[in-house]
Amino acid sequence: MPPAYDVIIAGLGVMGSSVALHAARRGLRVLGIDRFAPPHTLGSSHGSTRLIREAYYEHPLYVPLVRRSHELWRELEHDAGEVLLTRTGSLMVGHPDSELVRGTIRSGEEHAVPHEVLDAEELHRNFPGFEPPDDFVGVHEPGSSLLQPERVWASQLRLAEAAGAEFITNQAVLSWKSAEGVTNVRTDSGSFEGAQLVLSAGAWNRSLAPDALAMLSVERQLQQWWAPARNAELFRAARMPVSMWQLSDGRIFYTIPDTGQGLKLGWHHNGPTVDPDRVERDASPAENAELTDLLRRFMPAAKGMRQASAVCFYTNTPDGHFLVDPCPGARGVWLMSPCSGHGFKFASVLGECMADLLTGRTPAFDLSPFRHDRFAQ
Ligand SMILES: Cc1cc2nc3c(=O)[nH]c(=O)nc-3n(C[C@H](O)[C@H](O)[C@H](O)COP(=O)(O)OP(=O)(O)OC[C@H]3O[C@@H](n4cnc5c(N)ncnc54)[C@H](O)[C@@H]3O)c2cc1C
């Protein structure tokens, strides 16, 4: 008897639900399993906003992928019949020699991404909510947008089900075994067979493949929303781009304009390594003080009342790049998900690539930088 499913997906976050959508649309029999009821606020895909930008300071290799992602987000928006993307532009701020500024310019130039470099005075004149130090510059990319993660996530799940995918929620995958073309997946209340298995459990992925994923670490990330003290219009999406700032000590923080809940603020990395089942979900007084200080220094008019906080996870590889590859030693089992805190924007294209791999096709993009064996040394 062939297995009941062509593919089982363990974890239906933004990554797993994207795989479910693309695989179901290719005619695969898909079973998705999640330990919670997605969309939820317990993993890595919540918090109202996610940035999508093209001038990619992390590495120019991401630019072709993000361009395809952008096209797929527009298609999802069309199919879902709702707004998922809002164009705000983005601004990468720091010293001209900082990795953030240099990497953004390099990637923008290499791939002809429209952008302009503003000195501190021009930056403040164009975006008066920001008050950068005199020796900082900003790289403005007008084409960047904000994605609405909960809506994206819910749309992928809904459209995947419409395309025939089956989902089981509030049920955790506990273990799996793969032999002779069949993978048996055990949950806390049953077992299921699939020809292939995708492990996309985000911060919990390591528990599903402890040997292969021993190098991953889970980082706690705090997001906060603030009501500006004055000139609130300067902090709305119509007047302010998304920004990332690299300080002289190398740390990076970001701000996201007010889309209804207040100005959003958080560190990019700089969080503690945690166990996702035992994480502290409230902000500490020290964390509050640090974020308040960033507002005071770089956008003082925004420092009004703190409105809300939320904790989320980055699942990091040692080099900060992705991991999308077969699971070593387990035929038909795929590793996905560890996107080191910058993966949301790529969920659409990575879902499409995974559907290619599941159907034996070669993806249109070179995924070799995301291979598992780069960690062998
Ligand atoms: C604060 C914050 C800001 C970010 N900002 C950006 C940004 O601006 N741009 C960008 O591109 N990226 C951003 N990211 C990164 C991006 O959001 C993540 O890379 C992405 O959401 C990860 O999705 P995922 O599906 O891998 O994980 P998740 O969404 O966490 O999904 C994993 C799923 O697996 C399920 N699961 C866990 N264990 C099991 C199990 N045993 N069995 C079954 N199911 C299981 C969980 O319930 C969950 O639903 C940000 C991340 C954070 C935390």
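I started with strand β10 (residues 173-179), which runs antiparallel to β11 and is joined to β11 by 6 bridges. For the terms: strands are DSSP runs of E with at least two residues, helices are runs of H or I with at least four, and both are numbered from the N terminus. Two strands pair if DSSP finds at least two bridges between them.

This is a predicted model, where local features need pLDDT of at least 70, side-chain atom pairs count only at pLDDT 80 or more, and totals for chains, interfaces and linings use all residues. Residues are numbered from 1 along each chain as its sequence is written, and side-chain values use heavy atoms, with hydrogens and water left out.

Back to the hairpin: 2 residues sit between β10 and β11, and Glu180 in the turn has a positive phi of about 50°. Across the pair, I found Ser178 opposite Thr183.

Next I followed β11 to β12 (residues 190-199), again antiparallel, with 5 bridges. These two also make a hairpin with 2 residues between them, and Thr187 faces Gly190.

Which residues of β11 are on the covered face? I noted Thr183, Val185 and Thr187 there, with Val182, Asn184 and Arg186 on the uncovered face. In a regular strand, side chains alternate between the two faces of the sheet.

Then I checked the loop between β2 (30-33) and β3 (50-52), where Pro39 lies. A cis peptide bond links Pro38 to Pro39, with omega about -5°. Ser48 is in the loop between β2 and β3 too, and its phi is near 75°. Most residues other than glycine have a negative phi, and most peptide bonds are trans.

Key
Buried < 20%, exposed > 50% of the residue type's maximum accessible area, 1.4 Å probe, protein only.
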